[in-house]
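Here's a quick briefing on a protein fold for someone new to reading structures. Take a look at the picture, then work through the points below.

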Amino acid sequence: MPVITPEVQATLRPQSVSEVCVTCRRRTVKLAILYLLIAAFGVAAAVWAYHYFQPAVLTHPDFDAAAVTGAPEVEERYGYSTLQVDENYSVMLCGVPANDGQNVAFYLTNPADNGVWFRAEVLSGDGEILASTGVLRQGEYLPSIALSQPLTERETAVTVRIVAYEPDTWQSRGNVNLNLTLYLDFS
């Protein structure tokens, strides 16, 4: 047992019922500081997350200004036909398109009864983009697509990638790749 000397006993006084003990006060201050630090950390984490993890803004492609309303009349020798992707998704284009080495007459058509909007990219055998169109709405077609660089070979293998979108929402409806051969100056 501790020994209480008369000097210590003179400094001791009974605790008032209305006062909070020193130990409880210190514990309350420590908890308050801890809660403030946790709140400050939470606010800092929220600001950091807002700054670094903002969702990307969707920028959809433009509609093609050269699009023509209606359906084209194409000679049979160009292989103009319909590719049915699914029930509400089809594409019409020439399988053996006429060209002058720079402009290719695909007659890319989005049928009027289609359930998608789409655009096309013409890719070289290496995957380099040779041409790209804007978006075609239902009932529109593009008579020709200009290549970024002229054809140099008599036969050039290309891939026509069709990128489809849900109308108005711009959600993807899938891509279709068509492998074709372009014949230089075919008419």
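In which sense do E7 and E11 pair, and over how many bridges? E7 and E11 pair in the antiparallel sense, over 7 bridges. Keep in mind that this is a predicted model, where local features need pLDDT of at least 70 and side-chain atom pairs count only at pLDDT 80 or more, while totals for chains, interfaces and linings use all residues. Residues are numbered from 1 along each chain as its sequence is written, and side-chain values use heavy atoms, with hydrogens and water left out.

**The four-stranded sheet**

- Strands here are DSSP runs of E with at least two residues, numbered from the N terminus, and two of them pair if DSSP finds at least two bridges between them.
- Four strands make an open sheet in the order E8-E7-E11-E12, with antiparallel pairing.
- At the edges sit strand E8 (129-132) and strand E12 (172-183), and each pairs on one side only.
- Strand E7 (residues 117-123) is joined to E8 over 3 antiparallel bridges, and leucine 123 stands opposite isoleucine 129 in E8.
- On the E11 side, valine 122 has valine 160 as its bridge partner.
- E11 and E12 share 11 antiparallel bridges, and arginine 161 stands opposite asparagine 177 in E12.
- E11 and E12 also form a hairpin with 6 residues between them, and in that turn aspartate 168 has a positive phi of about 70°.

**The three-stranded sheet**

- There's also an open sheet of 3 strands, ordered E4-E5-E10, and its pairing is antiparallel.
- Its edge strands are strand E4 (98-99) and strand E10 (145-146).

**What's tucked inside**

- "Buried" means under 20% relative accessible area, "exposed" over 50%, and "partly exposed" in between (1.4 Å probe, protein chains only).
- A nonpolar core is a set of buried Ala, Val, Leu, Ile, Met, Phe, Trp, Tyr and Cys residues joined through side-chain atoms within 4.5 Å.
- The largest nonpolar core has 26 residues, and Leu93, Phe106, Leu108, Phe118, Val160 and Ile162 touch the most other members.
- Strand E3 (89-94), E7, E8, strand E11 (155-165) and E12 each supply at least two residues of this core.
- A second, separate core has 5 residues, including Trp117, Val163, Tyr165 and Trp170.
- E11 is mostly covered, with 8 of its 11 residues buried.
- Threonine 159 belongs to strand E11 and is buried, at a relative accessible area of 16%.

**Charged partners**

- The structure holds 6 salt bridges, each being a side-chain nitrogen of Lys or Arg within 4 Å of a carboxyl oxygen of Asp or Glu.
- Arginine 173 pairs with aspartate 86, their closest N and O atoms being 3.5 Å apart.
- Arginine 173 lies in strand E12 and aspartate 86 in strand E2 (residues 80-86), so this pair ties together parts that are 87 residues apart in sequence.
- Arginine 173 also meets glutamate 166 in a salt bridge (3.1 Å, N to O).
- Salt bridges that share partners join Asp86, Glu166 and Arg173 into one network.
- Arginine 119 and glutamate 121 meet in a salt bridge too (3.0 Å, N to O), and both residues are buried.
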